[in-house]
Amino acid sequence: MNPNTELKAKFDPIPFSRPVLGVEEEQAVLEVLRSGWLTTGKVTSAFEAEFAAYCEVPIALAVNSATAGLHLALEALGVGPGDVCAVPTYTFTSTGEVVRYLGADLVFVDCLPNSPNLDLDHLERLLAKQKVKVVLPVHLAGEPVDWPRLAALQARHGFYIVEDAAHVFPTRCDQGLYGTLGDIGVYSFYANKNMTTGEGGMIVTRNREWAARMKVMRLHGIDRDAFERFTSTKASWEYAVVAPGYKYNLTDIASAIGREQLKKADGFWKQRQNLVKAYLSLLHRTEGLALPPWREDHAWHVFSVLLPLEVARDEVVRTLTEAGIGISVHYIPLHRMPYWKSTYSLQGKDFPEAEARFARTLSLPLYPALTMAQVERVCQVFLKAIGRP
Ligand SMILES: *Cc1c(COP(=O)(O)O)cnc(C)c1O
């Protein structure tokens, strides 16, 4: 073998994340490009119908991001100035920013000692102190939130639940798919998520009234039904604007990708499970390293480990990066972000579990196109980097 080829093969970079797209997606996009109709149309309607059927819900609304979907959900529930929404500090900023779009305020919930998900004891203490209109649980990394316990709290305190299901597609419990259990749920199809449309998202709900509002607000506050109430003739150019809505619709180009990805979603998830099993078996004997516990209903969006206490993350990151292996950190908690910290005068000592997790967490590559050989290589380099080869 040519020594250069050998060198390249040996050091082929392993990106942190990589979408898996095939000829099916390419063909579907080509068809849309050649059809003469690019924006929201028949392909998006088909995608919504197929997604709703997959999730066993009556209504799915396609949007151009999960952030847009979360915004529409809170708007439909009437969230506004004076309202308070509970958000985990251990999440991406999207979950919180949508509350501020509507002029409402947040309370932040710490995570659990053994899970990145929100601590429901902490939530309960917050609920005892103030009225909370909406709780936004995040099934972080793909690990489902303790649903029976959250549902019991909802029954007692009467808040709405908007599920941030960006990480949890497509796993379920007895009552249904995670993301369809709350009042409204929102999935993300961002490029690195478990299925992708490049950018995009899907709202699911069983409530027709909220769905009607979200549909109107998704596209400029245009309500054709309202117009039809005011006039007997309905030309295709006629419409009524009933609110200052948003521009959150998904294109048929993106939906064409989504329809193909949806068909592959179960296979993608199985592959994620296989890769995680490989990671767990290669790493489970490592002293001081904390691994996420295996569960059958985990969607494995990301594989995050907690480094041994004495290991400096920066050095591990440097070693992996030099070896061409991509990493990430999920997440820098919101209470550490300048905007959230200063707006709500947040302090690390009030979120001890999130602080402890953030200090040690590191996410390793995980996506269906990753090979077992690549997982082995990641583990080899990683174990060496943490001094446990
Ligand atoms: C990706 C993500 C979002 C936002 O998704 P977009 O589709 O990019 O708007 C929201 N919440 C969490 C936890 C995410 O990881």
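User: What stands opposite A86 in strand 6?
Analyst: That's V135. This is a predicted model, where local features need pLDDT of at least 70, side-chain atom pairs count only at pLDDT 80 or more, and totals for chains, interfaces and linings use all residues. Residues are numbered from 1 along each chain as its sequence is written, and side-chain values use heavy atoms, with hydrogens and water left out.

User: How many bridges join strand 2 to strand 6?
Analyst: Two, between residues 84–88 and residues 134–135, and the strands run parallel. Strands are DSSP runs of E with at least two residues, helices are runs of H or I with at least four, and both are numbered from the N terminus. Two strands pair if DSSP finds at least two bridges between them.

User: And what's the strand order in the open sheet?
Analyst: Its seven strands go 1-11-10-7-6-2-3, with mixed pairing. Strand 1 (59–63) and strand 3 (105–109) stand at the edges with a single partner strand each, so one side of each has no neighbour in the sheet.

User: Switching to aromatics: how many pairs does a search of the whole structure find?
Analyst: It finds 17 aromatic pairs. Rings of Phe, Tyr and Trp (its six-membered ring) pair if their centres lie within 6.5 Å; planes under 30 degrees apart count as stacked, over 60 as edge-to-face and the rest as tilted. F51 and F189 have ring centres 5.7 Å apart and planes at 70 degrees, so they are edge-to-face.

User: Where do F51 and F189 sit in the chain?
Analyst: F51 is in helix 3 (residues 42–55), while F189 is in the loop between strand 10 (184–188) and strand 11 (201–205), 138 residues apart. Both F51 and F189 are buried, meaning under 20% relative accessible area, with exposed over 50% and partly exposed in between (1.4 Å probe, protein chains only).

User: What about the rings of F169 and Y187?
Analyst: Their centres are 5.2 Å apart with planes at 80 degrees, so that pair is edge-to-face. F169 lies in the loop between strand 7 (160–164) and strand 8 (172–173) and Y187 in strand 10, so the pair ties together parts 18 residues apart in sequence.

User: Is F169 buried or exposed?
Analyst: Buried, at 5% relative accessibility. Y187 is buried as well, with a relative accessible area of 1%.

User: Which residues form the aromatic cluster?
Analyst: F47, F51, Y54, F169, Y187 and F189 form one cluster.
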